[in-house]
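Colleague: I would like to go through this model with you. Could we begin with how far it can be trusted?

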Amino acid sequence: VSLRRYMSPIFKLASKPGFSETAHFLNKKIMKLTTHIFSLFFILFGFTGNLDAQETKSDTTKQQAAASADNSNIAGKLNTLEATIKALEAKLSTMESTQGNQSDAIKQEVENRVKRATLFADFLQSANTSVNAMLLSSNLSAYLNDVSALNNPNNQDLGFRLAEQVEKVMEKNIFKGRGKIAGQEKSRFMGFVKNIINSPITTAIAGVFPVVSSIASVTNMVAGAAFGDKDISVEDVAGLSADLKIYVEHYEGLATASYEFNVANITIKAKLEQLQNQLSNIALDRIKAMYEEGKVDEASLAAKKLSDILDQYFNATKVEDQMKILLDGFKDGDKINYSKALADKRLLFPEFEIARASSVADHLDAHASEILLALGNYQQNLEAVLNKSKSAGIGDAAKIDARIQQMRKSLEEVVKSFENAVHTKDVHNKFRRLANHA
């Protein structure tokens, strides 16, 4: 009966991983000890049954002494066995605790992978929103339209109208109070001049600076007329060119500033489109990793726009739902077998994805800075042109100053709207959340 106290922990040990061999070893020891005890019982029972047949007390004493020695030996072995079992029970308790911790760690790792996948999808969507905002903001329609109006020869924001200024220069240098030029009536000739100035040839034909080309065309027309009019000297034509030069420089400066901004804008747009392609490739990689082969039409998916890909397959909600489906496939009864889930590559979230996300966030910052820098440079170049023209006596100085202030205010509003729309801070916040689960 007493042996049951020792055997129960042995059976318990045998059921635990890592202890079956130890339990088997102890079981053999106990069985050997049990045989020894039973042998002792037989000796004792045999001694009791034959006690009356013994002839001397000396023999009885010897039998009792031997029995006592064996009993003492058994008791010592039982004590040793009990101490060994207690030690093993303590080790078992430690191992159970360790196994419990390991199970918790495995569960935590799987849950972290699911969380990272969800956060990564959320990050990509935020990054795509930022890229789209930059692509739209790179056009900056309101601001650019406002500024480009200065290139219009009919614009009077600066206190002058080009056709009127050209007419004044023509009167000063060419007509000089006369009513004709090369046999042509002044009104008819100036009608041609005004038409050329007010309707400049398009950029596609004349090059980058249509207004400048129009002024050049007027100068050439006057020079041609001078050949047939002896009253127009070379000095008159030179004076016309000199007086028109400040207008040429004015419009050439405006056009150059716009051209340089457009070149920078095109370069930035190309970089943003490249980044958007990178985001598409990242999203496609994660989608293929999450779904079993054949579950997703990769060719059809690759042809979609990034926004459609994210909306249909790779946003936080879609990823969370897919992760739940995957985990449900590892249920043993009502519980998820996290050890099996840990080995499933569809739940794996590679560390290099964190590095890719970091690169995306950095590129967004860089491109946003490039756009703002291009805008700043454009504004500075425009102000330089206007101040130079003001110094040259073109237009109304007060109106030019007011126009500069208006442009500055407009740019501030553009920058503010740009930063709110792009919102790279949100992208970085989501990246930090993702990185914290790495």
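Modeller: This is a predicted model, and its mean pLDDT (the predictor's confidence in each residue, from 0 to 100) is 82 for the chain, with 75% of residues reaching 70 or more. Local features need pLDDT of at least 70 and side-chain atom pairs count only at pLDDT 80 or more, while totals for chains, interfaces and linings use all residues. Residues are numbered from 1 along each chain as its sequence is written, and side-chain values use heavy atoms, with hydrogens and water left out.

Colleague: Where in the chain is confidence lowest, and where is it highest?

Modeller: The lowest mean, 42, belongs to helix α7 (residues 203–206), and the highest, 94, to helix α14 (residues 352–391). Helices here are DSSP runs of H or I with at least four residues, strands are runs of E with at least two, and both are numbered from the N terminus.

Colleague: Which stretches fall below 50 in pLDDT?

Modeller: Residues 47–55 are one such stretch, with six contacts beyond near neighbours in sequence; a contact means heavy atoms within 4.5 Å. Residues 202–207 also stay under 50, and the model has five contacts for them beyond four places in sequence.

Colleague: What is the secondary structure of the chain as a whole?

Modeller: The chain has 16 helices and four strands. Of its 438 residues, 37% are buried, where buried means under 20% relative accessible area, exposed over 50% and partly exposed in between, with a 1.4 Å probe and protein chains only. Among contacts between residues at least 6 apart in sequence, 78% join residues at least 24 apart.

Colleague: How do α8 and α9 run relative to each other, parallel or antiparallel?

Modeller: Helix α8 covers residues 210–226 and helix α9 residues 234–290; their axes come within 9 Å and cross at roughly 170 degrees. The axes are lines fitted to C-alpha atoms over the stretch in contact, and angles run from 0 to 180 degrees between N-to-C directions. The two helices are therefore roughly antiparallel, a label for angles over 145 degrees, whereas under 35 counts as roughly parallel, 65 to 115 as roughly perpendicular and the rest as oblique.

Colleague: Which residues meet there?

Modeller: From α8 they include V211, V212, I215 and V222, and from α9 they include V237, L240, L244 and Y251. The residues of this contact divide into twelve nonpolar, two polar and one charged. In that count, Ala, Val, Leu, Ile, Met, Phe, Trp, Tyr, Cys and Pro are nonpolar, Asp, Glu, Lys and Arg are charged, and the others, Gly among them, are polar.

Colleague: Staying with α9, is M290 buried or exposed?

Modeller: M290, which is found in helix α9, is buried, with a relative accessible area of 1%. Leaving aside neighbours within four places in sequence, M290 is in contact with Y313, F314, V319, Q322, M323, L326 and R346. K345 is 55 residues from M290 in sequence, and their C-alpha atoms are 8.2 Å apart.

Colleague: And what does D243 contact?

Modeller: D243 also lies in helix α9. Beyond four places in sequence, D243 is in contact with V169, K172 and N173. D243 and K168 are 75 residues apart in sequence and 9.9 Å apart in space, C-alpha to C-alpha.

Colleague: Turning to R403, where does it lie, and is it buried or exposed?

Modeller: R403 lies in helix α15 (residues 397–422) and is buried, at 2% relative accessible area. Setting aside neighbours within four places in sequence, the contacts of R403 are D146, L150, D157 and L158.

Colleague: What about the backbone: what is phi at K176 and A182?

Modeller: Most residues other than glycine have a negative phi. K176 has a positive phi near 50 degrees and sits in the loop between α5 (162–175) and β1 (180–181). A182 has a positive phi of about 55 degrees and is not a glycine; A182 lies in the loop between β1 and β2 (184–185) and is partly exposed at 31%.

Colleague: Which residue is 45 places from A182 in sequence and 8.1 Å away in space?

Modeller: That is F227, with the distance taken C-alpha to C-alpha. F227 is found in the loop between α8 and α9 and counts as exposed, at 79% relative accessibility.
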